[in-house]
Amino acid sequence: MKVNINGKNKNNNNTKPVTLTMAQIQMIQNDDVIAFMQKIKCVVPTSTSITAHFKNGGSITAFYDGNYEKCNIHGKPCGSGGFKSGTGVTVNGHVQIGVDGRTMLIERFIAVCIDFYNDEIKSSYSNLVANVMDGSGSKYTSHELSIKPDLSPENLEWCSLQDNASHGQLIKKLAQRTGHVYRFSASDKVLHDLLYNGSTKALIEYCEKYLVRIR
């Protein structure tokens, strides 16, 4: 099976309410990723979800539509949440999952699991944010843009906190300029320049040629 993030594909046969700001939430999570990975036994991705099975017998399944389910060490359901129920949704509209006594944004959980599955574990995650490239990581933004949440691997990338914040603003500005929602990387400097300095015609031509139109 191939799992894609950041434009990479790899085969792997191993089935392996909150008042904090987004910046604070990300910083709390930053130092816990490697310790979290050490507790994973294997990761199993499907076309609609990704499941982390832990060494203690428990598991967490994150669905790409922004929902999740948890099982205890005996394999019995012990919790769920996400956009559908509203459980675990932050004031910013993102979904948090309780992991080992702490919390992790669901898009970060998925991206971390993808790295584990692809055996692409980074030396540090302290300055990295899981960016949802079409802006649908927040239920408020997805509602504003009239698109469905999509936390699938091809819609995620790692970027800096600064680029993540800028990307959120660019998504909305691009929709206002073009009337469409596109999936694009936070590192797309050409798009940034066109959005602020180019003509609308040139901007739309670039988007239609190089980006994925969502709506």
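Visitor: How far is the sulfur of Cys71 from the closest cysteine sulfur?
Guide: This is a predicted model, and a search of the whole structure finds zero disulfides. A disulfide needs two cysteine sulfur atoms within 2.5 Å. For Cys71 the closest cysteine sulfur is in Cys78, too far for a bond, at 6.3 Å.

Visitor: Is Cys113 buried or exposed?
Guide: Buried means under 20% relative accessible area. Cys71, at 24% relative accessibility, counts as partly exposed. Cys113 has 0% relative accessibility, so Cys113 counts as buried.

Visitor: Which strands are the edge strands of the open sheet of five strands?
Guide: The order in this sheet is E3-E4-E5-E6-E7, with antiparallel pairing. An edge strand here pairs on one side only, which leaves strand E3 (40–45) and strand E7 (77–82).

Visitor: What is the bridge partner of Val43 in E4?
Guide: E3 and strand E4 (residues 49–54) run antiparallel and are joined by five bridges. In E4, Val43 has as its bridge partner Ala52.

Visitor: At what angle to E3 does helix H3 run?
Guide: Helix H3 (residues 106–117) lies across E3, E4, strand E5 (59–63) and strand E6 (67–71). Relative to E3, the direction of H3 is at about 100°.

Visitor: Which exposed residues does the face of H7 turned away from its buried side carry?
Guide: In helix H7 (residues 200–210) the buried residues are Leu203, Tyr206 and Cys207. They cover an arc of only 95° around the axis, so they sit on the same side of H7. These buried residues pack against helix H5 (161–178), strand E12 (182–183) and helix H6 (189–197). The face turned away from that side carries Lys201 and Lys209.

Conventions
Residues are numbered from 1 along each chain as its sequence is written. This is a predicted model: local features need pLDDT of at least 70, side-chain atom pairs count only at pLDDT 80 or more; totals for chains, interfaces and linings use all residues. Side-chain values use heavy atoms; hydrogens and water are left out. Buried means under 20% relative accessible area, exposed over 50%, partly exposed in between (1.4 Å probe, protein chains only). Helices (H or I, at least four residues) and strands (E, at least two) are DSSP runs, numbered from the N terminus. The arc is that of the directions from the helix axis to the C-beta atoms. Contact means heavy atoms within 4.5 Å. Two strands pair if DSSP finds at least two bridges between them. Axes are lines fitted to C-alpha atoms, for helices over the stretch in contact, and angles run from 0 to 180 degrees between N-to-C directions.
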